[in-house]
Amino acid sequence: MAAAAAAALVDNEFRAEQVFKQLEDIGAKVFFEKQLTSSDVSASGRVVVPKAIAEQYFPRIDTPSGTELSVEDAAGDTYTLRFRFWINNQSRMYLLEGTAELQHHYHLKMGDVLIFAQKEDSTIVLAGRPPTKADAQKKPPVRRPSPTPAGRGAARRDQPRGAKDRNKRRALQRFGLSGDDVEPPVDGVFRALPAESSSSSLQEGASSVAQAKDGRWVAALNLGGELYQAFFVQQDDALEALNAAGYAAQVSS
């Protein structure tokens, strides 16, 4: 078993080097790599692009419907995709739609890597590769715990530390947050919920707006089988965020 795993890793390294060599031969410089999630490799071929990358390397777009975008792969074949964004309260989530054919060309699956590169004439080049040892060694950035306001939790100081930690984790998991967060931020930014903490009955492509017990409004959206949530002070803001993104929300209180 260990020998087979080692052989697969060597094969992945070789295939990745081949792709990088192809990109070098056409004069394309890599500016971003994304390890694909389950929603990225769904049948829709919709890939989420980080805001900083989208606004630095992709064409400027001013409306959520976006624009058609012609890209190439490492072999020079051309694909027509759609580059668009969702509007929310304070930010944008950029999407690259229609990548299914390109993903199929590179036999990409969840965990594989989509390479973003650019030629001297600004043409975007997309390519795919299997994960390598270097990808496995990458660690997520360490998050600093948010400061706890004075007095918060004072009424429960008599609880053993282990019990308080467990209660905090359970409460946060309902919102798909890690223990590093004090509470879900009310900033209108959509965030993915971990699969183990998601119990939503929303069908793919559906959305909803509901009021939490603390009075905040929660906008939820199922995208490619993954649940995203954002928190708002006003119901109208939550509805506007989903409507602007092209999703009609069911409302409950």
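Which side chain makes a polar contact with the side chain of Thr-123? Select Thr-123 and you will find the side chain of Asp-121, 2.8 Å away. A polar contact here is a pair of N or O atoms within 3.5 Å; within protein, one must be able to donate a hydrogen and the other to accept it, and residues adjacent in sequence count only if both atoms are side-chain atoms.

Before moving on, a word about what is on your screen. This is a predicted model, in which local features need pLDDT of at least 70 and side-chain atom pairs count only at pLDDT 80 or more, while totals for chains, interfaces and linings use all residues. Residues are numbered from 1 along each chain as its sequence is written, and side-chain values use heavy atoms, with hydrogens and water left out.

**Stop 1: the whole chain**

Show the cartoon view. The protein chain has six helices and twelve strands; helices (H or I, at least four residues) and strands (E, at least two) are DSSP runs, numbered from the N terminus. Of its 253 residues, 40% are buried. Buried means under 20% relative accessible area, exposed over 50%, and partly exposed in between (1.4 Å probe, protein chains only).

**Stop 2: around Thr-123**

Return to Thr-123, in the loop between S6 and strand S7 (124-129). Thr-123 counts as buried because its relative accessibility is 19%. Now select Glu-72, Ala-117 and Gln-118: Thr-123 is in contact with them, leaving aside its neighbours within four places in sequence. Contact means heavy atoms within 4.5 Å.

**Stop 3: a glycine in a loop**

Next, pick Gly-111, in the loop between helix H3 (100-105) and strand S6 (113-118). Beyond its neighbours within four places in sequence, Gly-111 is in contact with Gln-35, Leu-36 and Pro-131. Try the distance tool on Gly-111 and Pro-130: they are 19 residues apart along the chain, with their C-alpha atoms separated by 7.8 Å.

**Stop 4: the nonpolar cores**

Select Leu-23, Phe-58, Leu-96, Phe-116 and Leu-126. In the largest nonpolar core, which has 32 residues, these five touch the most other members. A nonpolar core is a set of buried Ala, Val, Leu, Ile, Met, Phe, Trp, Tyr and Cys residues joined through side-chain atoms within 4.5 Å. Zoom in on Leu-23: not counting residues up to four places away in sequence, it touches Ala-28, Val-30, Ala-74, Ile-115, Ala-117, Val-125 and Ala-127. A second, separate core of 17 residues includes Leu-95, Trp-217, Leu-221 and Phe-232.

**Stop 5: strand S11**

Why is strand S11 (residues 226-232) described as largely enclosed by the rest of the structure? Seven of its seven residues are buried, so the rest of the structure largely encloses it. In a regular strand the side chains alternate between the two faces of the sheet. Colour Glu-226, Tyr-228, Ala-230 and Phe-232 for one side of S11, then Leu-227, Gln-229 and Phe-231 for the other; all are buried.

Now look at the strands beside S11. Two strands pair if DSSP finds at least two bridges between them. Strand S10 (residues 217-223) pairs with S11 in the antiparallel sense over seven bridges, and Trp-217 stands opposite Phe-232. Strand S8 (residues 191-192) also pairs with S11 in the antiparallel sense, over two bridges; there, Arg-191 has Gln-229 as its bridge partner.

**Stop 6: Gln-211**

Finish at Gln-211, in strand S9 (residues 207-211). Gln-211 is partly exposed, with a relative accessible area of 36%. A polar atom of its side chain lies 3.1 Å from the backbone oxygen of Gly-215.
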